Amino acid sequence: MLVLAVFGLFAPNAQSVLVAGAAAAVACAAAGLCMLWTGWRARGADRRWRVALGIATLPTVFVSAWHVRWIVDHQSTLPAYVPWPSTLFLAVVVVNLVGILLFPSDPLETETDERAVPWEGYHWYAITALDSLLLVDSMFLLTWATVLGSSLGTRHVNTAGIIANTGALVGDLILLAACLLLATFRQPRSGQALALLAAGMGAMAVSTASYLTITASGGHRSTPIVDVIATAGWLMLLLASLVPVPGSAPPERRSGSPRTLRLRMSLPYVALGTAGLLVVGQLIAKTPIDNAERAGLIGLLLLVIVRQMMIQSENTRLLKAVQISRRQLRYQAFHDPLTGLANRALFTERVRAALARRGSQPFALVYCDLDNFKQVNDTFGHAVGDALLRTTADRLRAGVRPVDTVARLGGDEFAILLDDRNEDPRRFCERLADAIRAPTLLADRLKPVGVSLGVVIADGDRPADPDALLHDADLAMYAAKRQAGGGLVVYQPGRPDRGCGAGGA
């Protein structure tokens, strides 16, 4: 850059323009090759963005070389006529945009993370691209209506050249906007590399805007500073390719505020509002709206509609995710994580509902406790004890009807709500006890399982309190545990140990 500055100040204009153009071509080639080289050496997401930008730079190298050849042959900076096929060169903008969007980044961390990051996966790629187009389209409409349109309408110009330069400027601005949106609404894994990319795209936009201004005014010569700015832009991209980008997210990500979310949501309305104010101002001033403005307005409206449709689709997905999350949280709040049975909170809620309708539908409450469970844990380990609890839960679940509720209250204590059962609860509990006592495989050995059960019948004489019923069933269970070998006890007020003993069971 220092050498170019010296040439620009002291060398004749023709030589300084040639040197500046050649420097821009060399810097472009160096940036493209460096992108491809570092992309080949990188891995994962860090490879994709480098390769995409490197591929997009290759056609520009040929254009820069053709530009230098034109200066040598015609002693002018800009050609008087640009063929229409040259407008196909604008396709590299799409590849460049893909490269920018592939830059490794992570969502922002906020207190309401799900709301603050509504665009995950491939959605945020499309949203960022649409936002970039919206911002640039509104800027182009404003510039066209105030300066560019009136300037072009007063003279004959090469239409293909104007379209090529205008498209290149719009493309550079779209890439710059994408970099800024990425830095604002995401967490780039390398802020330095993204800042260099944004600086390079900004320098390209300034250089292209200068060429567009010269072409629109009918000129064919530019100052060396235009190519010097382009050279600076390519060198910024070259430096960006040399910055290492971490492969994983940082341990502490940048936090985003609700203001950031509101700003992101308001972008399409700001762009549409700018265009709307422009049209209103032209209608008030009775200024005709030309075809370019109509096309820009229609394009802006279509972009806003597409963006809103994508946001609506993403909001629907988020709402579904929130509903699933709520169901999962409710399940975790009311179920035992080890066995999947209802926990004490859900069981108490079911008992309270059964008490509310027990006038016509009496029910029974069973309290179940495994015998010598602590010895199983001490002998075989807690993993075997957990396996025994899961096996017992499966046997309890298989022995009841779907309308009944089986719960794990804690440790090796289980409870069963026999809701609206015509069968004698004692006979049912006898069969259930036999199923639980079946030998179980513990540490590759079959072992019998002891169990004690306490039953309380909730009829009209029992108190309408779930805790009181559980307490009575617990008393009956301990009465059964005091019997030799465990058994089954049906609670009777004042005499919790009266009922069927082990032999009766």
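Because the model is predicted, local features need pLDDT of at least 70 and side-chain atom pairs count only at pLDDT 80 or more, while totals for chains, interfaces and linings use all residues, and side-chain values use heavy atoms, with hydrogens and water left out.

**The whole chain**

Show the protein chain as a cartoon, where 16 helices and nine strands can be found; helices (H or I, at least four residues) and strands (E, at least two) are DSSP runs numbered from the N terminus. Buried residues make up 46% of the 505 residues, where buried means under 20% relative accessible area, exposed over 50%, and partly exposed in between, with a 1.4 Å probe and protein chains only. Among contacts with a separation of 6 or more, 73% join residues 24 or more positions apart, a contact being heavy atoms within 4.5 Å.

**The largest nonpolar core**

Next select Ile100, Phe103, Leu197 and Leu237, which touch the most other members of the 33-residue largest nonpolar core. Such a core is a set of buried Ala, Val, Leu, Ile, Met, Phe, Trp, Tyr and Cys residues joined through side-chain atoms within 4.5 Å. The elements that give two or more residues to this core include helix H2 (13-41), helix H4 (92-101) and helix H8 (191-216), and H8 gives the most, with seven residues.

Now centre the view on Ile100, which, leaving aside its neighbours within four places in sequence, is in contact with Leu53, Leu175, Ala178, Cys179, Leu182, Leu197 and Met201. A second, separate core of 29 residues includes Val366, Leu442, Leu453 and Leu488.

**Helix H4 and Asn96**

Select H4, in which seven of ten residues are buried, among them Val92, Asn96 and Ile100. Which residues touch Asn96, leaving aside its neighbours within four places in sequence? They are Leu53, Ala56 and Leu175, and Asn96 itself is buried, with a relative accessible area of 13%.

**Helix H13 and its two ends**

Move on to helix H13 (residues 373-380), where Phe373, Val376 and Asn377 are buried. These residues lie on the same side of H13 because they cover an arc of only 95° around the axis, the arc being that of the directions from the helix axis to the C-beta atoms. The face turned away from the buried side carries the exposed residues Lys374, Asp378 and Thr379. Strand E3 (363-371), helix H14 (382-399) and strand E6 (440-442) are among the elements that cover the buried residues.

In the loop between E3 and H13, select Asn372, which has a positive phi of about 60° although it is not a glycine, and which counts as exposed at 56% relative accessibility. H13 is followed by Gly381, whose phi is also positive, near 105°.

**Where H14 meets H15**

Finally, select H14 together with helix H15 (residues 425-436), whose axes come within 9 Å and cross at roughly 145°; axes are lines fitted to C-alpha atoms, for helices over the stretch in contact, and angles run from 0 to 180 degrees between N-to-C directions.

How values were computed. Residues are numbered from 1 along each chain as its sequence is written.
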